[in-house]
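Subject: Structure for your review

Dear colleague,

Please find the structure below, followed by a summary of what was found in it.

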Amino acid sequence: ARGSEEYQERQQQGYGVSPEEYARQQAVRQVFTDGLPFFIASVFLFIGIMAYHYRARLNVGTLFYFFFILMVLGAFPRLLAAALMYMMHCNDMLTVYEAESQVAALVSVTARQAKTSHAAKKGSNEVPMEVTIRAEGLDKRHVPEGNMVVEVKKHQAVTTADAASTTAPKEAEAKAEIAEVFVFPKGVTTVTLPLMLPAASGTVQAPTWDVHVRFINDALQLTLMDKVASL
């Protein structure tokens, strides 16, 4: 009887719902109403299982964090949403700043033959060189707290016939090996490294050297330079 009265009232208000549609809507609402206690009980059971699980693993109660999060979500939903969006925006700005710093940074690598005091042994095919690496275009605010990291990678020599092969670049890349990694003190932007660079001999081309230069501020987790130069 109550349903009929509600239906007649809705008809008078101009909703224009058929009796069958109105009965279906009532049935759906009744299902959700009857299932609400089961849903709430399931949620509490899930919370209890999680609390027991993490207490067993951490040996400490964690329900306090649940109630704290519940309070924050209930009392400050907009504040929390704003804080999360602010964090995401700042992370995006940091990513953009780091990318722009790496694009603006420049590295110059110059090599010259070392003095006689560093000369190679007699009969050696290696030429002693002094390689000067200079980092430029860095943000001056971060230079005093940043470290320059230089990674020298040597590509093994290949014969002239192999160099003409289409598979040579892939094989040379596979044979590349890291010779040394140098980490310099904070604030240093210009360094000189003594390297023994082999010369070409007969049908064997001289190996190539890649100098991977990075300038990192560990305290702020920023990579201000990431460049590769070849010798």
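In which helix is Phe68 found? Phe68 belongs to helix H3, residues 63-75; helices (H or I, at least four residues) and strands (E, at least two) are DSSP runs, numbered from the N terminus.

This is a predicted model, in which local features need pLDDT of at least 70 and side-chain atom pairs count only at pLDDT 80 or more, while totals for chains, interfaces and linings use all residues. Residues are numbered from 1 along each chain as its sequence is written, and side-chain values use heavy atoms, with hydrogens and water left out.

The protein chain has six helices and seven strands, in the order α-α-α-α-β-β-β-α-α-β-β-β-β from the N terminus. Of its 231 residues, 22% are buried (under 20% relative accessible area; exposed is over 50%, partly exposed in between; 1.4 Å probe, protein chains only).

Phe68 counts as partly exposed because its relative accessibility is 44%. Together with Phe64, Tyr65, Ile69, Met71 and Leu73, Phe68 makes a nonpolar surface patch of about 670 Å². Such patches consist of residues with over 30% relative accessible area and no salt bridge, nonpolar side chains (Val, Leu, Ile, Met, Phe, Trp, Tyr) being joined within 5 Å and like charges within 9 Å; areas come from the Shrake-Rupley method with a 1.4 Å probe, and for residues only the protein chains shown count as cover.

How values were computed:
A salt bridge is a side-chain nitrogen of Lys or Arg within 4 Å of a carboxyl oxygen of Asp or Glu.
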